[in-house]
Amino acid sequence: QECVNNDNMNMNIKIQVTATEYGDGNDIAKRYYDGNVPNMRSSISSLCQMEVIKEVICGLNARVLGQTSADLCPCQKWNKVDKCWDPSSPFWNSESGPENVIDTYFDLIVFNFPHSEQAGRATKLVRALFKQLRICIDTGRLPGNVVLEMRLRVIESNPNLKKNIRSFYNHEEAAIESGFELIGCWPSDLTRWENLGYRHMWTKKNATCRDIGLNCNVWRWRSAKRDT
């Protein structure tokens, strides 16, 4: 998961990134640092020194972004001073205004390869992501012009290659159902990311994933205009 925010869509304005992860701190250490917590702390601390990084957050479940109960979508935020994860706290700032509007303006929400540990559940996950963002827009937590971006595996037409996809995403149907319209779709841009040092890793082990960059597309949607 990744939430990208900017105070204005004007490209002259400095971009700020809020990087999020579904797993907790222990999951991150096991998944990306072979269980080495000091290495994780050092790496995240270095990441946070980049001017573009506003916050690093773990334990954020996108399935409850629109939650309206008292805890308002719990998560843990990286403490840049103490170099550790803070205790759990609401993702949305309930003190910033009516309808629990967060004090940060997000204009781009990025979900890279949404997936589930259970085969066949990716469709439900993608549907839930659209639904939760719709709730956040309708309640004022996200602006009406927020853009949703997803990187999704290409569904192979060759039956012998379909095993590389755990399920059909049904993302186009999910978008329409929650009132989003397609902005565009284009081939993978992961080669460009890799040139900047990005490596796509397996979910449960610290190992490079198979040629995923060659078999994915980038999709972008925005909230569809409604009849008045």
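User: Is S45 buried or exposed, and what is its relative accessible area?
Analyst: In this predicted model, S45 lies in helix α2. Leaving aside residues up to four places away in sequence, S45 touches W78 and K83. Buried means under 20% relative accessible area. S45 therefore counts as buried, with a relative accessible area of 9%.

User: K83 came up there; where is K83 found, and how accessible is K83?
Analyst: K83 is found in the loop between β4 (74-79) and β5 (84-85). Its phi is positive, near 55°, in a residue other than glycine. K83 counts as partly exposed, because its relative accessibility is 43%.

User: Which value does phi of D34 have?
Analyst: D34 is found in the loop between α1 and α2, and D34 counts as exposed at 62% relative accessibility. Most residues other than glycine have a negative phi. For D34, though, phi is positive, near 50°.

User: How are the axes of α1 and α2 arranged: roughly parallel or roughly perpendicular?
Analyst: Let's look at the axes of helix α1 (residues 25-33) and helix α2 (residues 37-48), which come within 9 Å and cross at roughly 95°. Angles of 65 to 115 degrees count as roughly perpendicular. So α1 is, relative to α2, roughly perpendicular.

User: How many nonpolar, polar and charged residues are in the contact of α1 with α2?
Analyst: On the α1 side are G25, I28, A29 and Y33, which meet V37, N39, M40 and S43 in α2. Sorted by class, this contact of α1 with α2 has no charged residues, 3 polar and 5 nonpolar.

User: How far apart are the end C-alpha atoms of helix α3?
Analyst: Helix α3 (residues 122-138) has 17 residues. At 1.5 Å a residue, α3 should span 24 Å. The end C-alpha atoms agree with that, as they are 25 Å apart.

User: Which elements do the buried residues of α3 pack against?
Analyst: Buried residues in α3 include L125, L129, F130 and I137. After α3 comes G140, with a positive phi near 85°. The partners of the buried residues of α3 are β7 (106-112), β8 (147-153), α4 (171-177), β9 (180-187) and β10 (216-223).

User: What percentage of the residues in the chain is buried?
Analyst: The chain has 5 helices and 10 strands. Among its contacts with a separation of 6 or more, 65% come from residues 24 or more positions apart. The chain exposes about 13100 Å², with 49% of that supplied by carbon and sulfur atoms. Of the 228 residues in the chain, the buried share is 39%.

Methods:
Residues numbered from 1 in each chain as written. Predicted model: local features only at pLDDT ≥ 70, side-chain atom pairs only at ≥ 80, totals over all residues. Heavy atoms only, no water. Axes fitted to C-alpha atoms, helices over the stretch in contact; angles between N-to-C directions. Helix = DSSP H or I, 4+ residues; strand = E, 2+ residues; numbered from the N terminus. Parallel < 35°, antiparallel > 145°, perpendicular 65-115°, else oblique. Contact = heavy atoms within 4.5 Å. Nonpolar A, V, L, I, M, F, W, Y, C, P; charged D, E, K, R; others polar. Expected span 1.5 Å × (residues − 1). Buried < 20%, exposed > 50% of the residue type's maximum accessible area, 1.4 Å probe, protein only. Areas by Shrake-Rupley, 256 points an atom, 1.4 Å probe, with all protein chains shown as cover.
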